[in-house]
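Subject: Structure handover

Hello,

Here is the structure you were waiting for. Please open it alongside this email.

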Amino acid sequence: MFETPWIAALAALFLWWFATGILLWRVHAADRGGPDQHVWSVVLSLPLFAAGALGVNATLADSSPQGVWFAFLSAMALWGWIELAFLSGVITGPNTKPCPTGLDPAERFWSAFRTVAWHEFVLAAVVVVLILSSLGAANAFALWTFLVLFAARISAKLNLFLGVPRINTDFLPKPLAHLSSYFRQGPVSGFFPLSVTLLALAVGCFLERLWRAHQAADQGAIIGFTLLSMLTALALLEHWFMVWRVRDDKLWRWMIPAPTNTKRKT
């Protein structure tokens with residue numbers, strides 16, 4: 001069933017929505033628990049990271065639709081655990097304080113980078129390992145999946161730092177409350193049109209590869225490029241949420257009680 005491109009696209013959409021909701025539920029449940037709940041969330045979920053690593057290794061030589069699916073899910077497992085560690089405040093950066101006032105642009109950027117430095121280094125290290133592991137492999141879709149997530153996340157962080165009209169801080173967990181002081185609400189910078197253009201081009205590139213896979217009747221590539229196209233399109237949509245008057249938080253409010261004092265800026 002999941003070898004049908006339309007089903008694969010819908011499954012990727014559901015996975016993005018549901019997995020994001022589970023992550024948000026877990027970190028906010030830990031917020032309401034004891035002081036060690038965030039650490040325990042990360043420790044007890046380590047099998048997720050291990051399963052992702054083992055899954056990537058097991059699918060490198062398998063270019064079948066099933067192998068591509070498992071490669072995609074394995075990359076998502078790696079990403080999900082690292083994201084949980086970040087949202088839990090376990091893997092963030094050496095700076096855990098709000099942005100000081102009066103900083104010049106370079107100092108503000110350096111201070112902001114130090115809030116997420118360890119997280120970025122871990123992501124970059126995983127990218128390097130995936131690149132080295134995927135050299136000459138028949139199935140490199142785990143690498144491409146992780147690269148899409150990595151590039152989209154860096155782009156989103158830079159846009160929040162440089163300025164966008166719509167910023168949702170409702171879902172920031174307590175360990176990351178200081179990050180909101182590094183966001184800039186206002187007109188978009190010149191980086192926003194560049195970032196959405198590059199993401200749109202990436203979607204077009206993956207769709208072109210999908211068409212070529214259809215021409216070659218390569219079922220594994222059809223599934224792989226369908227998943228990458230959908231994932232990149234969702235990343236593009238998340239960027240547009242920064243400028244549209246859309247309450248994107250309603251997509252996951254079902255997992256988290258509405259805050260008593262909203263921090264959403266409209």
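This is a predicted model: local features need pLDDT of at least 70, side-chain atom pairs count only at pLDDT 80 or more; totals for chains, interfaces and linings use all residues.

Ser-74 first. It lies in helix 4, which spans residues 65-87. Its relative accessibility is 7%, so Ser-74 counts as buried, the cut-off being under 20%. Its side chain reaches the backbone oxygen of Phe-70 at 2.7 Å. Leaving aside residues up to four places away in sequence, Ser-74 touches Ala-51, Gly-52, Gly-55 and Val-56.

Now Ser-111. This residue lies in helix 5, residues 105-134. Ser-111 is buried because its relative accessibility is 11%, and buried means under 20%. What does the side chain of Ser-111 join in a polar contact? The partner is the side chain of Tyr-182, at 3.0 Å. Tyr-182 is also among the residues that Ser-111 touches, together with Asn-95, Pro-100 and Leu-103. That list again leaves out residues up to four places away in sequence.

Last, the cysteines. How many disulfides are there? The count is 0, using a cut-off of 2.5 Å between cysteine sulfur atoms. Is Cys-99 buried or exposed? Cys-99 counts as buried, because its relative accessibility is 17%. Cys-205 has a relative accessible area of 43%, so Cys-205 is partly exposed.

Best wishes

How values were computed
Residues are numbered from 1 along each chain as its sequence is written. Side-chain values use heavy atoms; hydrogens and water are left out. Helices (H or I, at least four residues) and strands (E, at least two) are DSSP runs, numbered from the N terminus. Buried means under 20% relative accessible area, exposed over 50%, partly exposed in between (1.4 Å probe, protein chains only). Contact means heavy atoms within 4.5 Å. A polar contact is a pair of N or O atoms within 3.5 Å; within protein, one must be able to donate a hydrogen and the other to accept it, and residues adjacent in sequence count only if both atoms are side-chain atoms.
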